[in-house]
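Dear colleague,

Please find the structure below for your records.

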Amino acid sequence: MAKPQAHRAPSPQRGEGWGEGAPASKRKVGFAKRLRRGQTDAERTLWFQLRDRRLNGWKFKRQVQIDKYIVDFICAEARLIIEIDGGQHMARSKHDAARTKVLEAMGYLVLRFWNNDVLQNVNGVLESVVDTVNQQAAVTPPPPNT
C-alpha cells in the first residue's frame with residue numbers, strides 16, 4: 001500500500017508571491033510572515049502577554065508593515081510601536097534612530113526594549129507599556145470612522 005503524500009502548494013513563479021522579482025510590498029508581507037513564524041524568545045514572551053487583548057484590553061498586532069518598515073508590535077489605537085532589540089542593534093543604532101524618527105514623524109511613539117529586559121523583567125516592561133499606552137490614548141484622537 002502506498003504511503004499518502006503531503007500536498008504542497010506550488011512554489012511561486014518569478015514575479016509572484018513574495019520571492020525575488022515580486023513587488024516590494026509583497027516581499028515585505030512575506031518577510032513579516034516569516035518573522036512571525038521565527039520570532040525570538042523575547043518576542044514570544046512579550047507576544048504571549050500582549051495578544052488577545054490581554055494587556056488591559058488593548059489590541060496589539062505583531063510584525064506589521066508600516067511604510068517601508070516592519071515593526072515588532074503595534075497598538076494602532078494608541079499609535080504605539082514596541083521594538084524588541086537584540087545585540088545586533090548595538091551596531092545598527094544610527095539605522096534604528098533614523099527608523100524611529102520616520103515612524104515618529106508618522107505620528108507613532110516608539111518604545112524600545114532589549115531582549116534581556118523582556119526575558120528577565122517582563123512585568124517591568126509590561127508596566128512601562130501600560131503607562132505609555134494609557135498616556136498615548138489620552139492624547140491621541142481616535143481614528144476616523146470608516
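**Findings**

Just after helix H2, aspartate 52 adopts a positive phi of about 55°. Please note that the model is a predicted one. A second residue with a positive phi, near 55°, is arginine 79, which belongs to the hairpin of S2 and S3; that hairpin has 4 residues between its strands.

**Overall arrangement**

The protein comprises 5 helices and 4 strands, which follow one another from the N terminus as α-α-β-β-β-α-β-α-α. Of its 146 residues, 33% count as buried. Among contacts with a separation of 6 or more, 55% are between residues 24 or more positions apart. The accessible surface amounts to about 9800 Å², and carbon and sulfur atoms account for 52% of that area.

**The sheet**

The 4 strands form an open sheet in the order S1-S2-S3-S4, and the pairing is mixed. Strand S1 (61-66) and strand S4 (109-114) are the edge strands, each pairing on one side only. From one strand to the next, the twist averages 45°.

Strands of a sheet pair through backbone hydrogen bonds, in either the parallel or the antiparallel sense. The pairings in this sheet may be taken in turn:

- S1 and strand S2 (residues 69-75) run antiparallel and are joined by 5 bridges; valine 64 stands opposite valine 71 of S2.
- S2 and S3 also run antiparallel, with 3 bridges between them; here isoleucine 74 faces isoleucine 81 of S3.
- S3 and S4 are parallel, and 6 bridges join them; aspartate 85 stands opposite tryptophan 114 of S4.

Because 6 of its 6 residues are buried, S3 is largely enclosed by the rest of the structure. In a regular strand the side chains alternate between the two faces of the sheet. In S3, Leu80, Ile82 and Ile84 point one way, while Ile81, Glu83 and Asp85 point the other way, and all of them are buried.

Which residues of helix H2 (residues 41-50) are buried? They are Ala42, Glu43, Leu46, Trp47 and Leu50. These residues lie on the same side of H2, because they cover an arc of only 125° around the axis. An α-helix has 3.6 residues a turn, so residues three or four places apart point the same way. The cover over the buried residues of H2 includes S1, S2, S3, helix H4 (115-120) and helix H5 (122-139).

In soluble globular proteins, nonpolar side chains tend to be buried together. The largest nonpolar core of this model has 22 residues, and those with the most contacts inside it are Leu46, Leu50, Phe60, Ile82 and Val129. At least two residues of this core come from each of H2, S2, S3, S4 and H5. H5 gives the most, with 6 residues. Leaving aside residues up to four places away in sequence, leucine 46 touches Phe73, Ile82, Ile84, Val118, Val125 and Leu126. There is also a second, separate core of 8 residues, which includes Ile66, Val71, Ile81 and Tyr108.

Helix H3 (residues 93-105) lies across S1, S2, strand S3 (80-85) and S4, and runs at about 150° to S4. Arginine 99 is found in this helix. Is arginine 99 buried or exposed? Its relative accessible area is 9%, so arginine 99 counts as buried, the cut-off being under 20%. Not counting residues up to four places away in sequence, arginine 99 touches Tyr69, Ile70, Val71, Glu83 and Arg112. Its C-alpha atom is 9.5 Å from that of lysine 68, which is 31 residues away along the chain.

Aspartate 85 belongs to strand S3. With a relative accessible area of 5%, aspartate 85 is likewise buried. Apart from residues up to four places away in sequence, aspartate 85 touches Asp96, Arg112, Phe113, Trp114 and Asn115.

With kind regards

Note on methods:
Residues numbered from 1 in each chain as written. Predicted model: local features only at pLDDT ≥ 70, side-chain atom pairs only at ≥ 80, totals over all residues. Heavy atoms only, no water. Buried < 20%, exposed > 50% of the residue type's maximum accessible area, 1.4 Å probe, protein only. Contact = heavy atoms within 4.5 Å. Areas by Shrake-Rupley, 256 points an atom, 1.4 Å probe, with all protein chains shown as cover. Pairing = 2+ DSSP bridges. Axes fitted to C-alpha atoms, helices over the stretch in contact; angles between N-to-C directions. Arc of directions from axis to C-beta. Core = buried A, V, L, I, M, F, W, Y, C linked by side-chain atoms within 4.5 Å.
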